[in-house]
Amino acid sequence: MRYISTRNVKVGLTPAQAIAQGLSRDGGLLTPAFLPKLSKYALPKLCEMSYQQRAVYVMSLFLDGFSSVELAKFAERAYGPDKFDTPQVAPVHTLEDGLHCLELWHGPTCAFKDMALQMLPHLLTASLAKTEEDKTVCILVATSGDTGKGALEGFKDVERTRILVFYPKDGVSAIQQLQMSTQEGENVGVCSVVGNFDDAQTGVKRLFSDEGLREQLAQRGYFLSSANSINWGRVLPQIVYYISAYCDMMRDGKLEEGEKLNVCVPTGNFGNILAAYYAKEMGLPLGKLICASNSNNVLTEFLTTGVYDRNRAFHNTMSPSMDILISSNLERLLFAITKSDEQVRGYMEQLAATGRYQVSDEVKAAIGEHFAAGCCDDANTQRVIAQVYDKYGYLIDPHTAVAFDVLAQYRAATGDDTPALVVSTASPFKFCDNVLGALGQQQIAEGLDVLDQLTDVTGLAAPAPLAGLKNKSVRFDRFVEKEKMVDMVLEMLD
Ligand SMILES: *Cc1c(COP(=O)(O)O)cnc(C)c1O
């Protein structure tokens, strides 16, 4: 299997080259040249397997040059009992006939980023070995929350990797800050940047383009790389859980083999829902892929009108991981639908120049065959958290609530009552304040006490990685001005 660029199909890389490189040199996203199909016998066979075995089966279809033994070792490490609090890894919780929820937050940071970021370090280090890169990879991350902690946990103590995370001093929640400042591992470094997320991100981008830094690091045996969601090594592990969920439902009699299943995904950078699309193209019997956004509804508009326009107000919402105006992975969908690197290049040039592009009616119709979309504001997000809790006794986080609401809107508007799987991307305990507010609490406790308050109100126990924060000591309390980040990198790598 060759990997090509969404902006140039003549690029032809091996899977290891694609993962090691991350992004194509022309700025496009590296993408498999074709999607392998699941054979007729695959689903019944996969039904009998563990999550880890399913991951090996699915990933090996895309990764020539990686042996099954090798991938099995990665899957054991990524999804083992020391990392995930359930042997099912990504369990399906059924609320009522035809309404199911895929829980992607049983990993070490209690959010769905773990599904890919636990696997990526293994794929990346193996890819470097296969491409005969003998330097140690140094991952730099600017984070507003979930990604940084997910990457730290994924890369923690993985051989021949270092990871340095920069977060905005005034831009993360108390729990998120503690999660990062208490991070364990010999190869990790965490530092806050004076300013907001933009300052941290601009600073890290500058590090990547600093040739002097690159040279100094090379002399010390390091080279820089990123862990962001456009790397194929982050998309691929996400295809696995859609196939796994379908198999669990088939095995447990919730779906007949071949029966259609709609999925509704809370979406930011379009990585999660793109993986659902790939699973469908591989032959998984998925129906509509419903894209759920918060008030940053640039994708809702694109999927319903064919116009992508980032020139709009940015909203800080209670589902912050979806507060995004440029959904990078949408480029892979545009390529899959148009099959034209030239067209994709055109759209992306317009996006860079004017912040806007429009697809033809034909392309819009082709996308509409697979996708539906909707959005949900903060007031409705809180209303839905309360409603789902009252009706089913099931507690959801704000990101998941956006998806529940958009599914309800879709069903009301279309009458399509195909069984549906709502994708749940974070534990409600990661967003205690807003969840407690939704449940009618007027006074919200300070700091980590919110975990106990949510337990008192619901009788649910906080996930161990969050509850355990109380007993951890702070290892990283340094901060830096964004102009001084180069020195900080060199110091942290000493
Ligand atoms: C990252 C994230 C999302 C958005 O996922 P994309 O793949 O970027 O669309 C949704 N919910 C949570 C909790 C996340 O961390």
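Reader: How many bridges join β4 to strand β5?
Author: This is a predicted model, where local features need pLDDT of at least 70, side-chain atom pairs count only at pLDDT 80 or more, and totals for chains, interfaces and linings use all residues. Residues are numbered from 1 along each chain as its sequence is written, and side-chain values use heavy atoms, with hydrogens and water left out. Strands (E, at least two residues) and helices (H or I, at least four) are DSSP runs, numbered from the N terminus. Two strands pair if DSSP finds at least two bridges between them. β4 and β5 (residues 99-103) run antiparallel, and the bridges joining them number four.

Reader: Which residue in β5 is the bridge partner of Thr-94?
Author: Look across to β5, residues 99-103. There, Thr-94 has as its bridge partner His-100.

Reader: Which are the edge strands of the open sheet of six strands?
Author: The sheet has mixed pairing and the order β4-β5-β15-β10-β11-β14. An edge strand here pairs on one side only. That gives β4 (92-96) and β14 (371-375).

Reader: Is Arg-356 buried, partly exposed or exposed?
Author: Arg-356 lies in strand β13, residues 356-358. Buried means under 20% relative accessible area, exposed over 50%, and partly exposed in between (1.4 Å probe, protein chains only). Arg-356 has 34% relative accessibility, so it counts as partly exposed.

Reader: How far apart in space are Arg-356 and Gln-118?
Author: In sequence, they are 238 residues apart. C-alpha to C-alpha, the distance in space is 35 Å.
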